[in-house]
Amino acid sequence: MADLHPLHVTVNGQAHRCSIAPRTHLVDFLREDLGLKGSHLGCEHGVCGACTVELNGQIVRGCLTLAVQADGGSVQTIEGLSQSGVIRDLQQAFVARNALQCGFCTSGMLMAAKELVETRPDATRAEVREWISGNYCRCTGYHAIVDAICDVLRQRKETQA
């Protein structure tokens, strides 16, 4: 058995102290050790985006990030963002625009969309498409997803005006 590494990480606002194998991926730690199943394992090569989570304020691929890299840090998952209400407008727009079908990619899409609307509030439709291009969806195509994100960008801009 491999040596275990101590891990101190805050996930969705809750502190966790545990010991893990050094080669454990962040998404595996979240799913298997903490029971947070919202982030999915798709390609396991960082290409599909289904495993996207937020680490210290930036989205990362949970299948490429080792859990030990989060030591001393803060992780937000789709569960935490959903419970806090931070992405409620994005979730509602995805439903209104039918921007999800099977739901496998949705958590990663929402994580990417959250970062976009927070960091690029003036993003154009083309910039939205570029931003989410690293997240694959095999069911919806991308038009409805882009429409939903653009709706939220417009709504947030109108609210600030």
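In which helix is Asp89 found? Asp89 belongs to helix α3, where helices (H or I, at least four residues) and strands (E, at least two) are DSSP runs numbered from the N terminus. The model is predicted, so local features need pLDDT of at least 70 and side-chain atom pairs count only at pLDDT 80 or more, while totals for chains, interfaces and linings use all residues. Residues are numbered from 1 along each chain as its sequence is written, and side-chain values use heavy atoms, with hydrogens and water left out.

Asp89 touches Val152 and Arg156, residues up to four places away in sequence not being counted; contact here means heavy atoms within 4.5 Å. Asp89 and Glu130 are separated by 41 residues in sequence and, C-alpha to C-alpha, by 21 Å in space.

Helix α6 covers residues 143–160. Its 18 residues should span 26 Å at 1.5 Å a residue, and the end C-alpha atoms are 26 Å apart, which agrees; the expected span is 1.5 Å times one less than the number of residues. The buried residues of α6 are Ala144, Ile145, Val146, Ala148, Ile149, Cys150, Asp151, Val152 and Leu153. Buried means under 20% relative accessible area, exposed over 50%, and partly exposed in between, with a 1.4 Å probe and protein chains only. The cover over these residues includes α3 (88–96), α4 (106–119) and α5 (125–131).

The axes of α4 and α6 come within 11 Å and cross at roughly 35 degrees. Axes are lines fitted to C-alpha atoms, for helices over the stretch in contact, and angles run from 0 to 180 degrees between N-to-C directions. The crossing of α4 past α6 is right-handed, meaning that the near helix is turned clockwise from the far one by less than a right angle. On the α4 side, Met109, Ala113, Leu116, Val117 and Glu118 meet Ile145, Ile149, Val152, Leu153 and Arg156 of α6. This contact comprises eight nonpolar, no polar and two charged residues; Ala, Val, Leu, Ile, Met, Phe, Trp, Tyr, Cys and Pro count as nonpolar, Asp, Glu, Lys and Arg as charged, and the others, Gly among them, as polar. Also in α4 is Thr106, which is buried at a relative accessible area of 13%. Beyond its neighbours within four places in sequence, Thr106 is in contact with Phe94 and Leu100.

Turning to the strands, five of them form an open sheet in the order β2-β1-β5-β3-β4, with mixed pairing. Two strands pair if DSSP finds at least two bridges between them. At the edges lie β2 (14–20) and β4 (58–61), each pairing on one side only. Strands β1 (residues 5–11) and β2 are antiparallel and share seven bridges, with Ala15 in β2 as the bridge partner of Thr10. The two strands form a hairpin with two residues between them, and Asn12 in the turn has a positive phi of about 55 degrees. Strands β3 (residues 52–55) and β5 (residues 74–76) are also antiparallel, joined by two bridges. Helix α4 packs on the sheet, touching β3, β4 and β5, and its direction makes about 40 degrees with that of β3.

Most residues other than glycine have a negative phi. Glu44 has a positive phi near 60 degrees; it lies in the loop between α1 (26–33) and β3 and counts as exposed at 51% relative accessibility. Asn98, in the loop between α3 and α4, has a positive phi of about 55 degrees and is partly exposed, with a relative accessible area of 49%.
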